[in-house]
Amino acid sequence: MADIQLYSLGSPNGIKIPVALEEMALAYDVHTVDILKGDQFSQQFTQINPNQKIPAIVDLNGPNGTEHPIMESGAILLYLAGKSGKLLSQDAVKRSETMQWLFFQASAVGPMFGAFGHFHTYGKDNCDHPYPEQRFANESKRILRIVDEQLNGQDYLIADEYSIADISVFPWVIWLDTFYQASDLLGLDSYQNINRWLARCLNRPATKRGLDVYSFLEIGK
């Protein structure tokens with residue numbers, strides 16, 4: 001068995017971890033947690049993640065050589081960056097910037113894009129008022145503008161260094177198109193810096209291997 005045991009699925013949060021593991025060249029075993037079947041509520045998974053959400057990992061050789069479970073994608077990315085010494089700059093300024101964008105994803109990108117996707121894709125069965133979808137569409141556009149501006153004149157979110165910040169954000173942008181099918185509504189083609197950045201991320205061999213673990217790019221097609 002590999003030290004890292006991955007419990008996840010092909011969602012924007014779930015796919016971050018295999019991408020990071022591939023980029024960091026850390027060995028891992030894959031376990032699929034099928035949330036449509038309720039696997040996340042099993043006793044085994046709840047012991048790993050009491051919040052019953054994917055992703056989660058268990059490091060069989062964690063701190064002090066003990067078995068160490070970790071929940072929350074941002075926390076997992078930070079832990080793996082510390083373990084591998086990769087994708088988190090040792091430069092104090094860049095390191096701070098990386099963590100800022102990581103928290104920006106957790107507080108803004110994920111919640112707002114997810115709320116938009118819910119009302120755009122599923123919520124219409126229970127709510128026929130246009131306000132919720134429009135409210136979160138506007139907020140998603142605002143966030144996209146922030147990300148696009150950050151990428152102006154640079155390859156990645158943190159200057160020219162691919163980092164856990166990029167891995168945290170770019171799957172959510174892809175999800176807006178491939179799963180929520182909201183490219184036209186949100187005007188995704190207009191964000192030129194984002195589109196160049198996505199192409200750059202997707203052209204990385206290790207990132208592509210990570211995305212293939214749960215067939216992320218095929219979901220929704």
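1. In this predicted model, E139 is buried, its relative accessible area being 17%, and this places E139 on the buried side of the cut-off because that term applies under 20%. E139 forms a salt bridge with R142, with 2.7 Å between the closest N and O atoms, and R142 counts as partly exposed at 35% relative accessibility. Both residues belong to helix α5, where they are 3 residues apart and so separated by about one helical turn.

2. A salt bridge also joins D59 and K83, whose closest N and O atoms are 2.8 Å apart. Since D59 lies in strand β3 (residues 56–59) and K83 in helix α3, this pair ties together parts that are 24 residues apart in sequence. D59 counts as buried, with 0% relative accessibility, whereas K83 is partly exposed, with a relative accessible area of 34%.

3. The side chains of K94 and E161 meet in a salt bridge as well, at 2.8 Å from N to O. K94 is in helix α4 (residues 92–122) and E161 is in the loop between α5 (131–150) and α6 (164–178), so that parts 67 residues apart in sequence are tied together by the pair. K94 counts as partly exposed at 25% relative accessibility, and E161 is likewise partly exposed, with a relative accessible area of 30%.

4. Turning to another residue, S73 has its place in helix α3 (residues 73–84) and is buried, with a relative accessible area of 8%. When its neighbours within four places in sequence are left aside, S73 is in contact with N13, K16, I17 and P55.

How values were computed:
Residues are numbered from 1 along each chain as its sequence is written. This is a predicted model: local features need pLDDT of at least 70, side-chain atom pairs count only at pLDDT 80 or more; totals for chains, interfaces and linings use all residues. Side-chain values use heavy atoms; hydrogens and water are left out. Helices (H or I, at least four residues) and strands (E, at least two) are DSSP runs, numbered from the N terminus. Buried means under 20% relative accessible area, exposed over 50%, partly exposed in between (1.4 Å probe, protein chains only). Contact means heavy atoms within 4.5 Å. A salt bridge is a side-chain nitrogen of Lys or Arg within 4 Å of a carboxyl oxygen of Asp or Glu.
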